Amino acid sequence: MIDYAIASFPSGAGPRAGDAVSLKGVTKRYDRDVAALGPVDFNVRKGDFVSLLGPSGCGKSTALRIIAGLSEPTSGRVQLAGGGRSIGFVFQEPTLMPWATVRDNVALPLKLSRPRGADIGARVEVALARVGLAEFAAAYPRQLSGGMKMRVSLARALVTDPDVLLMDEPFAALDEITRFHLNNDLLALWRGLRKTVIFVTHSVFESVYLSRRVVVMTPRPGRICAEYAIDTAEPRSEDFRTSAEYAAYCREVSAALSRAVAGRAPR
Ligand SMILES: Nc1ncnc2c1ncn2[C@@H]1O[C@H](COP(=O)(O)OP(=O)(O)OP(=O)(O)O)[C@@H](O)[C@H]1O
């Protein structure tokens, strides 16, 4: 039986006032044998930065795709402030069109949605400036490094000015220095734009560095087994990354992840 609903709630109303995203009893089964997710109950406050942390294959991407409306839950309820029209998605791979310039890649969501009165060129320029690529508007993806391609992907997600940014292990394939740079730039963007960010990762270190809330998931079918508030002085910087406080948070979250993995029979 399918028990599935996506509803909208006006800001200030809904299950909890101030929530951007709310999942209630959400499960996903890909076929008879593959229970991928849940049941999951999960709320994200507007403007928060939350990481979903879990072992490979636990259903993190599935959860994100369900929130984005790219996949339907098998059961449960997904509620998004404003009906979920305002979502930006950054995938694991930059997924750029190789034949199109950086400018045209970033313009794509606007060309598809054609918002009334939008000056597409101006919006693209702003999005590229936000990710530090103003100078590369005319370049082609093959001319860019991996980190720059991911910046283009981020600009493409920001160009429609979404309320919620969903990010699926966007920096996993990058070298450490590039990843650290992008971590800091993402935090600066989040602080400046006050978007709600849901960030999927299997890196304890990345989740603690970036988020205000880390949600730990069990192996498949992924359920939420622990949550941590990363309550540190803002804005964060490289000083936080090398602090005893950061190390202590990482230890605690890492232990929770190990418990989550060990709590299951070996597969
Ligand atoms: N379209 C699909 N059809 C069948 N099974 C799927 C499908 N997509 C995902 N799965 C399975 O569902 C489970 C959860 O997958 P998902 O990609 O959501 O996990 P994940 O936590 O994001 O993994 P990773 O960290 O490796 O990206 C996995 O066992 C996967 O093989």
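Predicted model: local features only at pLDDT ≥ 70, side-chain atom pairs only at ≥ 80, totals over all residues.
Helices here are DSSP runs of H or I with at least four residues, numbered from the N terminus.

The largest share of the shell around the ligand comes from helix 1 (residues 60-68), which supplies three residues. The shell holds 13 residues, and those that come nearest to the ligand are Tyr30, Ala36, Lys60, Ser61 and Thr62. Sorted by class, the residues around the ligand are seven polar, four nonpolar and two charged.

A residue is taken as buried if 20 or more other C-beta atoms lie within 10 Å of its own. Eight of the nine residues of helix 1 are buried, so this helix is largely enclosed by the rest of the structure. The buried residues of helix 1 are Lys60, Ser61, Thr62, Ala63, Leu64, Arg65, Ile66 and Ile67. After helix 1 comes Gly69, with a positive phi near 80°.

Turning to the strands, six of them form an open sheet with mixed pairing, in the order 6-7-8-4-9-10. Strand 6 (87-90) and strand 10 (224-229) are the edge strands, each pairing on one side only. From one strand to the next, the twist averages 15°. Helix 8 (residues 244-262) packs on this sheet, where it touches strand 4 (49-53), strand 9 (213-217) and strand 10. The direction of helix 8 makes about 20° with that of strand 9. Elsewhere in the sheet, strand 7 (residues 164-168) and strand 8 (residues 196-201) pair in the parallel sense, over five bridges. In this pairing, Val164 stands opposite Thr196 of strand 8.

On the scale of the whole chain, the protein is divided into two parts: domain 1 (19-86 + 163-263) and domain 2 (99-161). Taken over C-alpha atoms, the centres of domain 1 and domain 2 are separated by 25 Å. Contact between them involves 10 residues of domain 1 and six residues of domain 2. On the side of domain 1 that touches domain 2, helix 5 (residues 176-193) gives the most, with five residues. By class, that side of domain 1 has seven nonpolar, two polar and one charged residues.

Technical notes
Residues numbered from 1 in each chain as written. Pairing = 2+ DSSP bridges. Helix = DSSP H or I, 4+ residues; strand = E, 2+ residues; numbered from the N terminus. Axes fitted to C-alpha atoms, helices over the stretch in contact; angles between N-to-C directions. Contact = placed C-beta atoms within 7 Å. Near = placed C-beta within 6 Å. Nonpolar A, V, L, I, M, F, W, Y, C, P; charged D, E, K, R; others polar. Domains from an automatic or database assignment. Buried ≥ 20, exposed ≤ 12 C-beta atoms within 10 Å, placed from the backbone.
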